[in-house]
Structure formats: C-alpha cells, structure tokens
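Please look over the sequence and the structure before reading on.

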Amino acid sequence: MTTPGAYRGLGDIIVTARPYDEYLAMFGLAGEDLLQGPVLDCPAGASGFAPGARARGVDVMAVDPEYAQPPDVLNHRAVADTRYGNQYVRANPHTYAWGFFRDPDDHLARRLAAADAFAADRARSPRRYVAAALPHLPFADDRFRLVLSSHLLFVYPDHLTYSDHLAFARELARVAREEVRIFPLVDTLGARWPLLERLRDDLAREGVGTGVRSVAYEFIRGGDEVLVLRPS
Ligand SMILES: C[S@@+](CC[C@H](N)C(=O)[O-])C[C@H]1O[C@@H](n2cnc3c(N)ncnc32)[C@H](O)[C@@H]1O
C-alpha cells in the first residue's frame, strides 16, 4: 500500500519491477560482467534482474523483506505498485527523462513484463529468493563477487536515517568480495542525497573504498550516477 502525500515525492517505499536490461543500463554492466557470479540483488523487489541473469547462466540470488509474503500476495502487490508508480510518472513527467523508456505506456508495459518474469522465476527457483532486510543479510562475509542495490539507499531519505544508510552500505560491503554498486544517488524528486560525502568518509575510515561513476542511463532526472564500494 502506498500513502500518497505522507512523504515527499513518490511516497512510501514501493515494490518495483525493473527489467533486466534496465539493471544493465543503470548499473553500467555488460552481460558478460555478470557471468563470473555469484551476484546478489538487494533489494530485488519484483525486479526482472534475477530471472534475466539466471536465464543467461549467471549464479544470482535475490533478497527482499517482502519475500516473507506468500507469492500470490507479493505478485499482486508488485502489479499494484507498478501501476501506482506509472501513475506517478504520468502525473510528474517533468521529473523524468525519456530515452530508456519511450513514454509512460512503454514504462508500464516493460515494468509489468518484469513483474511477470519475477513471479514465474520465483515459482521455479524459490530458494534463490531470500526474505531478509538490511542491515542483516543471512550470508557469510565475501559471499558474492558483485552486489547490486537499486532504489532503496538515497532514494527514500524520509524513511531512512543517516545511520540506516551507513549500516546498510556496511552490510552490503561485508557480503561483497569485489564490488557493490548502489544506484541512483538521488531521491524520487531528483535531489542528490546530501550526506553522500559524509558516508564515503565514514566508509573509507572502515577500509571500504568508494567511487562515483556516471552511467549512460537516466530516468529520474539527475539519476545517472552509481556509487561503487570496494571492500578491503
Ligand atoms: C523501489 S523497490 C526496488 C526494487 C528493485 N531493486 C528495483 O529496482 O526494481 C525498494 C525495495 O526495497 C525493499 N526494502 C525496504 N526496506 C528494506 C530493507 N531494510 N532491506 C532490504 N530491502 C528493503 C522493499 O521491500 C522494496 O521491494
């Protein structure tokens, strides 16, 4: 359920369904970057990333607290939240750059197709979808070569404190062997998260190197950068 008006921008944290090719674009990945696996998608929501990657032979795990829900309940919510997100996009077209998606109809069709791919893949491979919430992931240190995290950190500053962001980033780095990529660095209004440099300094003191990289993808205007963490 969403609560329009209770928070700035889009509102509550919604369960979105970004397709596989949108993941490649927003994280600046080539398909072959993934093949060395294992890869973690957290939060995965109802995204089509794990289905698309698995179909290409990638060892991939998806994590989201909403996986505690029975599949039919979550699948229904993912479709409802996708429609809500699309209505928001239609009502606020100036906040979005049209390029990856041709227009709002294309946005809706591709996100709904991703939600379908998610539902089918979760039914086929339920053990690859783990119910857990940051900052506590049920994995050993260095378990994944690459960790991808989209549209949670930095996007919902009304919901997450600075301490939440630090604890979430630290936990993503703990389970990553080579790299964590976090996208985007803006909220749903396109405002850059103001505490990014403080977070980078705090992570550096703990031995986690960071970098900001531009990507050739922008949907929320201003959202074309990825934060890369390199655990020591
Ligand atoms: C906007 S969706 C992003 C999903 C996916 N990455 C995508 O881009 O389509 C945000 C997700 O964050 C999840 N979430 C909320 N709190 C979380 C937490 N503490 N740890 C991990 N995931 C969380 C929600 O359940 C929701 O599915």
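Predicted model: local features only at pLDDT ≥ 70, side-chain atom pairs only at ≥ 80, totals over all residues.

Residues are numbered from 1 along each chain as its sequence is written, and side-chain values use heavy atoms, with hydrogens and water left out.

**Nonpolar cores**

- A nonpolar core is a set of buried Ala, Val, Leu, Ile, Met, Phe, Trp, Tyr and Cys residues joined through side-chain atoms within 4.5 Å, where buried means under 20% relative accessible area (1.4 Å probe, protein chains only).
- The largest such core holds 39 residues, of which Phe27, Leu34, Val39, Phe49 and Leu148 touch the most other members.
- Elements that each supply at least two residues of this core include helix 1 (20–27), helix 3 (49–55) and strand 4 (144–150), with helices (H or I, at least four residues) and strands (E, at least two) being DSSP runs numbered from the N terminus.
- Helix 1 gives the most to this core, namely five residues.
- A second, separate core has 37 residues, among them Tyr84, Phe154, Phe168 and Ala169.

**Helix 4 and helix 5**

- The axes of helix 4 and helix 5, lines fitted to C-alpha atoms over the stretch in contact, come within 10 Å and cross at roughly 165°, with angles running from 0 to 180 degrees between N-to-C directions.
- That makes helix 4 roughly antiparallel to helix 5, a term for angles over 145 degrees.
- Among the residues of helix 4 that meet helix 5 are Leu74, Val79 and Arg83, contact meaning heavy atoms within 4.5 Å.

Conventions
Buried < 20%, exposed > 50% of the residue type's maximum accessible area, 1.4 Å probe, protein only. Parallel < 35°, antiparallel > 145°, perpendicular 65-115°, else oblique.
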